[in-house]
Each structure stands twice: as C-alpha cells, then as structure tokens.
Amino acid sequence: MQTAHLIYFSPTGTTRKVAEAIAQGLGAGKVIHYDVTLPGSKFETVLTDGVAIIGIPVYAGRLPELCRQRLQAITATHIPAVLVALYGNREFDDALVELRALSVANGFHVVAAGAFIGEHSFSTPTQPIAAGRPDAEDLKRAVQFGKQVATKLVGGTVDTPDMEGHVPYKDRPKLGGKAPETDDEQCILCGKCAEVCPSGSIAVDLSVTTNTENCIMCCACVKECEVQARHFSHPSIEEKRAILHKNCCKPKTPAIFI
Ligand SMILES: Cc1cc2nc3c(=O)[nH]c(=O)nc-3n(C[C@H](O)[C@H](O)[C@H](O)COP(=O)(O)O)c2cc1C
C-alpha cells in the first residue's frame, strides 16, 4: 500500500484516533495528515495518488457545516477514499451519505465507509455519554477495517458500497447563541481554549470572551482546559445531556460498509 492521506476534522480528537487506526490497518508506507480542524487549515490540494481516509464527526446527524467548508479545499483525481463518521453513540443518521456526496463531488472514488463511536462532546464525568470511546475494541475494529480495505483494493473490486442514511438529509439545526462559558475564578488565562477552537470564537486577554454566534459547540475548549474552568451549562444543553446520558447508554458497535 502506498501513501495514505489522512483528512479529518476532529475538535476533540476521537475521529482522528479512528482514522489513524484505519491507516495502520491499511499498511500504508507513508501517512500524510491533513488536519482541517482549526481556522487557517486550508490545504488547497489536489491528490493524485494513494488512498484517502476522510474522517468527520457527526453533528445532528449531519456533516458539520464548518467541516464541509474546510473539506472543499481538498480534491482528488479519482483516488480511492475510505469514509469515517464518528458519532457519540446516538445515531449517525445521514452523515455518511452526505460525506459520500461531498467526496464524490470533490473527485474521490469511495470504496468503503465506517461509522465508529467516540465520546460525545457533551459527555461530562458526572453524566458520561460513550466516555472513553473509541476504546481498545473500537480501535482493533478500525485496524481490521483498514486491512479489509487493503484486501479490497488489491482484489481489484473497487465498487462503492451502499451505506446507511437518507436523502434529503435531516435538517441542520441553526447554531448560535449557545457556547461554553469560563469560570473566572478557576481560569488561569493560559489561552489553550482559544488555541483549540475550530471556529476561532474565543479571545483571551484579561479575561476570556466567547463569540456565541460562531461557536459550533464541539466542546474542545471544555475538554482541553487543564483547570476545568470551561463548562457548557446552557439549560438546553443540560437538558440534551441528561437525555443522551439516559437514552444512549447502551454501547453501540461500529458499522462497516465495504
Ligand atoms: C453540535 C453537536 C451535535 C452532535 N450530534 C450528534 C448526533 O447527531 N449523533 C451522535 O451520536 N453524536 C452527536 N454528537 C457527538 C459527536 O458526534 C462526537 O462527540 C464527535 O464525533 C466527537 O468527534 P471529535 O472527537 O473528532 O471531535 C454531536 C456533537 C455536537 C457538538
């Protein structure tokens, strides 16, 4: 196997972990990362050889809009692509078929897809939702999936498999007006929250300010804060978190389409 192009948007790192495990299974001689998570990560690249692994997190059963915009910069001349949707143990709904449509439009030839499970962005220590996922078993499955793809590619059968999901896609709820907040008593103004924010919505000066209109609610700032000064406690999120914690506690298993 030649080069694996690892293309991903992964604010809290779980999509990236699964994509890396798939690349490991593929046995690629060389792995090139295209991390489109942060502002300014515009690659403007045309891929002409190797295999692409394209990983996205599922937001409201869809491909997050910001992620869709950033993926537009990476196109291909019909190289094989493996799609990965990483979801928080609720459902992945239409995210994979939406990613498939985008990837095909960008010039990729989709040969396989997988929906894997990762810790939900809204998970907290007291109300865990898929906490600790992807776990060792998930990553083993991802490596095995990579091996299956390698076998498919050498076997010469490179059809695009059917996958779960519907067109038209689910409606995307409007973002804006909600964002994690900073506890000024706890905050040490280290700036880590601003560094990891995919939408560049956080500014750190003598205090932390958050632009709630641009926040995509990924919770990277909450999970990266070393002194636990960031919290997402908006009443509608508290309500959603409680529902997910209650209804999505039975661990799901990865779904593979090859
Ligand atoms: C705004 C938002 C919407 C989400 N919607 C879903 C969903 O519809 N289904 C689901 O299972 N998980 C959902 N999640 C959880 C994410 O899919 C999960 O936390 C994410 O894949 C983590 O990816 P990352 O670690 O690569 O950032 C949502 C998370 C956010 C922030």
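Predicted model: local features only at pLDDT ≥ 70, side-chain atom pairs only at ≥ 80, totals over all residues.
Visitor: In which pocket does the ligand sit?
Guide: A molecule counts as sitting in a pocket if more than half of its atoms lie within 2 Å of the grid points of that pocket. By this rule, the place where the ligand sits is the largest pocket.

Visitor: Which residues around the ligand come nearest?
Guide: There are 24 residues around the ligand, and α1 (14–26) and β6 (80–87) each supply at least two residues of this shell. Of the 24 residues, those that come nearest are S10, T12, T14, T15 and V58.

Visitor: How many Å separate an oxygen atom of the ligand from an N or O atom in the side chain of T12?
Guide: A polar contact is a pair of N or O atoms within 3.5 Å. The side chain of S10 has an N or O atom 2.6 Å from an oxygen atom of the ligand, and for E119 a backbone N or O atom lies 3.0 Å from a ligand oxygen. For the side chain of T12, the distance from its N or O atom to an oxygen atom of the ligand is 2.4 Å.

Visitor: How much of the accessible area that the ligand has on its own does the protein cover?
Guide: On its own, the ligand has 640 Å² of accessible area. Of this area, the part that the protein covers is 96%.

Visitor: Is H109 buried or exposed?
Guide: H109 has its place in strand β7 (residues 109–117), and its contacts beyond four places in sequence include H78, P80 and V158. Because its relative accessibility is 18%, and buried means under 20%, H109 counts as buried.

Conventions
Residues numbered from 1 in each chain as written. Heavy atoms only, no water. Helix = DSSP H or I, 4+ residues; strand = E, 2+ residues; numbered from the N terminus. Buried < 20%, exposed > 50% of the residue type's maximum accessible area, 1.4 Å probe, protein only. Contact = heavy atoms within 4.5 Å. Near = heavy atom within 4 Å. Polar contact = N/O pair within 3.5 Å; in protein donor to acceptor, adjacent residues only side chain to side chain. Areas by Shrake-Rupley, 256 points an atom, 1.4 Å probe, with all protein chains shown as cover. 1 Å grid on protein atoms, 1.4 Å probe; cavity = no way out; pocket = protein on both sides within 12 Å on 5 of 7 lines; lining within 4 Å.
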